[in-house]
Amino acid sequence: MAPSASRRLDRLVQALQRLPGVGARSASRMAYHLLQHDRDGALQLAQALQAAAEGIRHCALCHTFSEEEVCPTCADPSRDTGLLCVVETPADQAALERTGAYRGRYFVLMGRLSPLDGIGPDHIGVRPLLERLQAQPPVREVILATNFTAEGEATAHVVGELARALGLKATRLARGVPVGSELEYVDLGTIAHALADRR
């Protein structure tokens, strides 16, 4: 027997609640809006989500999202291979790229350390990062561009210590980025200044 409309609607609401910051009421509003006012938009959203989930992978070098084995940034021969900027998420990388102030390479951890939540170095990309730091071409400076939250600071500290243990220079974004902020929401001028004044 096919699921009833209410069961299908409940499944849609539950699926929308998986988005960050979306509670039951917001998810319900979205579901009703799509079904009542924008069926074409709902189908477009479903198709785009399916295509992205099936066609986007992680770059083999920096771990950001990519449709290819190696993302366009890593494949760009004009980028400075000696600079490696470590960020938490692909959204943080995109924010840095939009400034136009950085021409090196990236490494995306896909998370941050959070001991209280049981997230340690093995749960994020620390091990692949270590391999990247020891690979060719050699890295001369690691730029720690994790967010200015308690977890981001802890992540920057651990990654910085690992880089220094390998004899690499490790710098941190300057404090132009407000404490407690997430890079993807900071204005581009602030990010550009923080990158230029890294320590």
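This passage describes the overall layout of a predicted model and then the surroundings of selected elements. Local features were taken from residues with pLDDT of at least 70 and side-chain atom pairs only at pLDDT 80 or more, while totals for chains, interfaces and linings use all residues. Residues are numbered from 1 along each chain as its sequence is written, and side-chain values use heavy atoms, with hydrogens and water left out.

The chain contains eight helices and six strands; helices (H or I, at least four residues) and strands (E, at least two) are DSSP runs, numbered from the N terminus. Along the sequence these elements follow the pattern α-α-α-β-β-α-β-α-β-α-β-α-β-α. Along the principal axes, the C-alpha atoms fill a box of roughly 65 × 35 × 35 Å. Of the 199 residues, 38% count as buried, where buried means under 20% relative accessible area, exposed over 50% and partly exposed in between (1.4 Å probe, protein chains only). Contact is defined as heavy atoms within 4.5 Å. Among contacts between residues at least 6 apart in sequence, 55% join residues at least 24 apart.

Strand S3 (residues 80–87) and strand S4 run parallel and are joined by five bridges; two strands pair if DSSP finds at least two bridges between them. Asp80 has Gly104 as its bridge partner in S4.

On the H5 side the contact involves Ala95, Leu96, Arg98 and Thr99, which meet Leu188, Ile191, Ala192 and Leu195 in H8. The residues of this contact comprise six nonpolar, one polar and one charged (Ala, Val, Leu, Ile, Met, Phe, Trp, Tyr, Cys and Pro count as nonpolar, Asp, Glu, Lys and Arg as charged, and the others, Gly among them, as polar).

Within H5, Pro90, Asp92, Gln93, Ala95, Leu96 and Thr99 are buried. The cover over the buried residues of H5 includes strand S2 (65–66), helix H4 (72–75), S3, S4 and H8. Just after H5, Gly100 adopts a positive phi of about 70 degrees.

Ala145 lies in the loop between strand S5 (141–144) and helix H7 (150–165). Ala145 is buried, with a relative accessible area of 0%. Neighbours within four places in sequence aside, Ala145 is in contact with Cys85, Val86, Val87, Leu96, Arg172, Leu173 and Leu183.

Leu130, in helix H6 (residues 126–133), is partly exposed, with a relative accessible area of 25%.
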